[in-house]
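Please read the following alongside the sequence and the coordinates.

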Amino acid sequence: MNLKSVIIAAVGIMALSASAKEPVKSLKLLSIGNSFTWSAMTYLPKVAETAGCELIFEQASLAGCNLKRHWELAEKSDADPNFKPYEEKGVGKFSLREKLESREWDVVTIQQASYESWIAASYDPYAENLVAYIRRYAPKAEIVIQQTWSYRPGEKRLEQWNIDSDTMYRELTACYAALAERFKLRLLPAGLAVQIVRMSSIGSYPELEMIAKDNCHLSKQGQYLQACVWFSMLFNRPMSEITFDPPELSAAQSAYLRACAKAAIEVMPQHNETK
């Protein structure tokens, strides 16, 4: 799959694009996810700070947690108020409802666990239930979906599933697009940004590797790319406002990754949430 086909695939997902949103200087962000959202914590706070923006970023995330488990934990917490499955340093233990009601969140993100992200049947009815739950207990928050990424070629699970990395990417992209279409939600195109770097860096920066040695999580370089996507989309601010270069990257490499993040945002069709 070349870069052109990556972008064509993304553009072909949906026909409707969202209208432009007003830039913001402060954001209260809650992520309901797993380690694929933890990675956004590495650089997003610093990216926001150096751009002169204020970020409150909290999570209701558990390692490997899929949509089904998040929903089942919410149901169990509602039935037993003493059951608090999430924990955050400096905050303590809490339920999803408690976290949703703890602030007037601007944005709440959701995503599927990577190992099920490419399987359409894994989303229902859990995504629908979680969207309704968030709208009930955080009614002013915009719900945004993070499009995750495919594993690096060579990952053993791809062979077990009888697919390759590109097939995983196409399938998970279709699943996230269908979810966004169904509930009219915006997509954070982290997966597309990773795919663009994979396809375009060969001749420019072949040393850049977005995926860590475990073949599934983002490397430090990939985490910076993710942070750039999240900042520009969620703060509704241009990529040019990002001035932070992580120590793992040269200024030229950082600029290249910001350009890839910008391209992903520009070509990913979007919806505005309707409630």
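The paragraphs below describe a predicted model.

Five strands form an open sheet in the order β2-β1-β5-β6-β7, and their pairing is parallel. At its edges are β2 (54-61) and β7 (186-188), each of which pairs on one side only. Ignoring direction, neighbouring strands of this sheet are turned by 30° against each other on average.

Helix α8 lies across both β6 and β7, and its direction makes an angle of about 165° with β6.

On the α6 side the contact is made by Ala127, Glu128, Val131 and Arg135, and on the α8 side by Leu179, Arg182 and Phe183. By class, these residues comprise four nonpolar and three charged, with no polar ones.

Helix α6 (residues 126-137) has a further partner in helix α4 (residues 67-79); here the axes are 8 Å apart and the packing angle is about 50°. This pair, too, is therefore oblique, but α4 passes α6 in a left-handed crossing. From α4, the residues in contact are Leu67, Lys68, His70, Trp71, Ala74 and Asp78, and they meet Tyr126, Ala127, Asn129, Leu130 and Tyr133 of α6. Seven of the residues in this contact are nonpolar, two are polar and two are charged. Ala127 of α6 takes part in the contact with α4 and also in the contact with α8.

The last stop is helix α10 (residues 220-234), which contains Leu225. Is Leu225 buried or exposed? Its relative accessible area is 1%, and because buried means under 20%, Leu225 counts as buried. Leaving aside residues up to four places away in sequence, Leu225 touches Ala193, Val194, Val197, Met210, Leu257, Cys260 and Ala261. One of these, Met210, is 15 residues from Leu225 along the chain, and the C-alpha atoms of the two are separated by 8.2 Å.

Methods: Residues are numbered from 1 along each chain as its sequence is written. This is a predicted model: local features need pLDDT of at least 70, side-chain atom pairs count only at pLDDT 80 or more; totals for chains, interfaces and linings use all residues. Side-chain values use heavy atoms; hydrogens and water are left out. Helices (H or I, at least four residues) and strands (E, at least two) are DSSP runs, numbered from the N terminus. Buried means under 20% relative accessible area, exposed over 50%, partly exposed in between (1.4 Å probe, protein chains only). Contact means heavy atoms within 4.5 Å. Axes are lines fitted to C-alpha atoms, for helices over the stretch in contact, and angles run from 0 to 180 degrees between N-to-C directions. Angles under 35 degrees count as roughly parallel, over 145 as roughly antiparallel, 65 to 115 as roughly perpendicular and the rest as oblique. A crossing is left-handed if the near helix is turned anticlockwise from the far one by less than a right angle, and right-handed if clockwise. Ala, Val, Leu, Ile, Met, Phe, Trp, Tyr, Cys and Pro count as nonpolar, Asp, Glu, Lys and Arg as charged, and the others, Gly among them, as polar. Two strands pair if DSSP finds at least two bridges between them.
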